[in-house]
Amino acid sequence: MKSLREYNTFGIEAQAGNICNISSVEELRELVKSGAFARSGPLILGGGSNILFTGNYAGTVYRAGFKESRIAGSSGNEVCIECDAGLEWDRFVEFCVSNNYGGIENLSYIPGSVGASPIQNIGAYGAEICSNIEQVNAVDLESGEMLSFSKSECLFAYRSSIFKYQLKGKVFISSVVFSLTTREHKFNTSYGQVSERLGPGAEINLRNIRDAIISIRKEKLPEPSEIGNAGSFFKNPLLSEEDFSRLQKEYEDLPFFADGKGYIKIPAAWLIEQCKWKGYRQGDAGVHKNQALVLVNYGSATGLEILQLSEQIIDSVYSKFGIMLEREVNVIPW
C-alpha cells in the first residue's frame with residue numbers, strides 16, 4: 001500500500017494499492033492496451049486539490065507526469081496552446097501572462113493540474129475555463145485509442161463537464177488546447193473585489209489583474225502546505241428568479257450575481273456564514289476563519305470527519321434558507 005497524504009491538498013492520510021506516475025501519452029496507451037487499467041480499478045489523480053479521501057483506495061492511482069506545452073496554431077489576435085495534462089495549472093497561467101496571452105488571468109493561483117481544469121470547468125472571479133478551451137484530447141481507457149472533444153462535445157456547465165459525469169473513469173485526459181488573445185484583450189474586472197484591489201486609476205493589464213487576484217486569494221484562502229484544504233468546498237447555488245425573489249424578501253442584504261443564463265447565483269460562503277459556521281472547529285476539522293467556503297484540516301482530521309462537517313453545514317443551510325448546497329470537492333471512495 002502507498003500513502004496518498006502528499007497527493008491530496010487536504011493532507012488526509014489514506015492509502016492506495018499502488019501509485020503509477022505515467023511519463024508519456026505513449027506509456028499511457030501501452031498501459032491501457034496491457035489491461036492494467038481494467039485490472040486495477042483506476043483512479044486518475046491530478047494535483048489532488050479537489051478531492052477528499054474518506055478511506056483507503058484498494059486500486060491503483062494514476063498520475064500524468066507529462067508536462068509540456070506547445071503552440072498549436074495562431075490566427076489574427078488569437079493563439080492556440082496545447083498543454084499536457086500534468087502541467088501545474090498556475091504555472092501555465094503565469095506563462096500566459098508573461099507572454100501576453102490573455103484569457104485565463106482571472107483563474108490565477110488555482111491549485112491543480114491542466115488536465116483537471118476541464119473536468120471541473122474551473123472558474124473564479126467571473127471567468128470559467130470553458131470560455132478558452134478549444135479542444136480536449138484524451139485516451140480511451142478501454143481501447144487505448146486517442147479521442148478528441150470539441151468545446152461543445154465537452155458539455156460544459158457550472159463546475160461540470162462530460163468528463164466529470166458521463167465519461168468519469170472511461171477516459172484519461174492527455175492534453176487541453178486553449179485559445180488565448182495576443183492583443184486587444186477583453187479584461188474582466190466585474191467582480192468588485194478585483195476592481196477594488198486594482199485601485200482607482202490603475203492600469204488594467206494581464207499582470208495587474210493576475211497580481212490582484214493572487215493577493216485576494218492569499219488573504220482569503222490558506223496555503224495547503226500550512227493548513228490542509230481543497231479550496232472552495234461547495235458550489236455557489238443557482239436559483240430561479242422566482243426562488244431568488246422569495247428569498248430576497250426575507251433577506252434584503254442577500255448578495256447575488258446574475259449568471260447570464262436566467263439564473264441568480266448566491267454566494268455559498270454568505271449562506272454558510274449566516275449559519276455561524278465561519279471559524280468553527282471540532283478537533284482538527286474546521287471551517288476557515290477568513291473564508292466560510294473553505295473546510296480545513298488543521299493537522300490530523302480524517303476524511304470522514306471533514307465529510308461529516310460538510311453534511312452538518314449542508315443540513316444547516318437547508319434548514320435556514322431552503323437551499324441545498326452541493327459539494328464541489330470529489331469524495332473518494334463514495
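Ring pairs link Phe10, Phe233 and Phe234 into a cluster. The model is predicted. Aromatic pairs number 15 in this model. Strand E7 (78–84) is mostly covered, with five of its seven residues buried. Helix H3 (residues 89–98) has buried residues that pack against E7, among other elements.

**Aromatic pairs**

- The aromatic pairs come to 15. One of them joins Phe244 and Phe256, with 4.7 Å centre to centre.
- The planes of Phe244 and Phe256 stand at 55°, and the pair is tilted.
- Phe244 lies in helix H7 (residues 241–250), while Phe256 lies in the loop between H7 and E15, so the pair ties together parts that are twelve residues apart in sequence.
- Is Phe244 buried or exposed? Phe244 counts as buried because its relative accessibility is 7%, under the 20% cut-off.
- Phe256 has 39% relative accessibility and therefore counts as partly exposed. That class lies between the 20% and 50% cut-offs.

**Charges over rings**

- The charged end of Arg281 sits over the ring of Tyr298. The distance to the ring centre is 4.1 Å.
- Lys320 places its charged end over the ring of Phe321. Here the distance to the centre is 5.7 Å.

**Helix H3**

- Trp89, Asp90, Phe92, Val93, Cys96 and Val97 are buried in H3.
- These residues cover an arc of only 155° around the axis, which puts them on the same side of H3.
- Which elements do the buried residues of H3 pack against? They pack against E7, helix H4 (117–120), strand E12 and helix H6 (206–220).
- Asn100 follows H3 and has a positive phi, near 60°.

**Strands around E7**

- Strand E6 (residues 69–75) is joined to E7 by six bridges, and the two run antiparallel.
- In this pairing, Ser74 stands opposite Val79 of E7.
- E6 and E7 form a hairpin with two residues between them. Gly76 in that turn has a positive phi of about 60°.
- E7 also runs antiparallel to E12, with seven bridges joining them.
- Glu78 has Thr181 of E12 as its bridge partner.

**Strands around E10**

- Strand E10 (residues 133–140) pairs with E12 (residues 171–181) in the antiparallel sense over seven bridges.
- Asp140 has its bridge partner, Val171, in E12.
- E10 also pairs with strand E11 (residues 146–150), in the antiparallel sense and over five bridges.
- Met146 in E11 is the bridge partner of Val139.
- How many residues lie between E10 and E11 in their hairpin? There are five, and Gly144 in the turn has a positive phi of about 85°.

**The open sheet of three strands**

- Three strands form an open sheet in the order E14-E16-E15, with antiparallel pairing.
- Its edge strands are E14 (238–239) and E15 (257–258), each pairing on one side only.
- E14 and strand E16 (residues 264–265) share two bridges in the antiparallel sense.
- Leu239 stands opposite Ile264 in E16.

Definitions and conventions. Residues numbered from 1 in each chain as written. Predicted model: local features only at pLDDT ≥ 70, side-chain atom pairs only at ≥ 80, totals over all residues. Heavy atoms only, no water. Pairing = 2+ DSSP bridges. Helix = DSSP H or I, 4+ residues; strand = E, 2+ residues; numbered from the N terminus. Buried < 20%, exposed > 50% of the residue type's maximum accessible area, 1.4 Å probe, protein only. Arc of directions from axis to C-beta. Contact = heavy atoms within 4.5 Å. Phe/Tyr/Trp six-rings, centres within 6.5 Å; stacked < 30°, edge-to-face > 60°. Lys NZ or Arg CZ within 6 Å of the ring centre and 35° of its normal.
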